[in-house]
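Biologist: Could you take me through one part of this model up close, the spot where helix and sheet meet? I'd like one connected account.

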Amino acid sequence: MEAPHLRVVRPGEGRKGDLGDITVDFKLWGADTGGALAIVEHEFPPGALVPPHIHTLEDEYSIVTAGSIGFRSGDREAVLGPGGYITKPRGEAHAMWNAGDAPARMIEIISPAGFELFFSAVVDMIESGDTDPERGAALAAEHGLEFVDTPWLADVVRRFGLNAS
């Protein structure tokens, strides 16, 4: 395996985009790491919710850098502040939300890389005004992403006053 090339991303650099309720800042792409991982940052405004979903192709590792972010993975729930870390293994339904009343931010490590391409495609769709749900569903399926119903979501939405649209 060839060593990845040097990539420097200074604070504030990198492509930024909107994913709906949250934002994404692309920092390291799979092309930068020989496919080993990708790194993005997400900002969660108050009330933001990433609904329950399952990754079938990658694991995610999150590091909270500002505010409070709630995580539910399987039957485990945690609210983490700056400096908190959590693993979200592939194959397990998980959700994330802003658990406070101020903007929150986290770094997301995706391993192996590839899912950052889903985020990029969603940003492209939103920027172009494309709201075709069939195209969005096909894109999710292409990247091994499944949105799922969970018995615990309504309770999380109620307890944290989240936007469940």
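**Around Phe119**

Modeller: Let's start with Phe119, which touches Leu19, Val24, Phe26, Val40, His42 and Ile110, leaving aside residues up to four places away in sequence; contact here means heavy atoms within 4.5 Å. Bear in mind that this is a predicted model, where local features need pLDDT of at least 70, side-chain atom pairs count only at pLDDT 80 or more, and totals for chains, interfaces and linings use all residues. Residues are numbered from 1 along each chain as its sequence is written, and side-chain values use heavy atoms, with hydrogens and water left out.

Phe119 also belongs to the largest nonpolar core, which has 28 residues; Phe44, Ile69, Phe71, Phe118 and Phe119 touch the most other members. Such a core is a set of buried Ala, Val, Leu, Ile, Met, Phe, Trp, Tyr and Cys residues joined through side-chain atoms within 4.5 Å, buried being under 20% relative accessible area with a 1.4 Å probe, protein chains only. Among the elements that each supply at least two residues are strand S2 (23–28), strand S10 (104–111) and helix H1 (115–128). H1 gives the most, 7 residues. Helices (H or I, at least four residues) and strands (E, at least two) are DSSP runs, numbered from the N terminus.

As for the sheet, it's open, with 6 strands in the order S1-S2-S3-S10-S5-S8 and antiparallel pairing; strands pair if DSSP finds at least two bridges between them. S1 and S2 pair over 3 bridges, and Gly17 stands opposite Val24 in S2. H1 packs on this sheet, touching S1, S2, S3 and S10, and its direction makes about 135° with that of S2. Axes are lines fitted to C-alpha atoms, for helices over the stretch in contact, with angles from 0 to 180 degrees between N-to-C directions.

Technical notes
Buried < 20%, exposed > 50% of the residue type's maximum accessible area, 1.4 Å probe, protein only.
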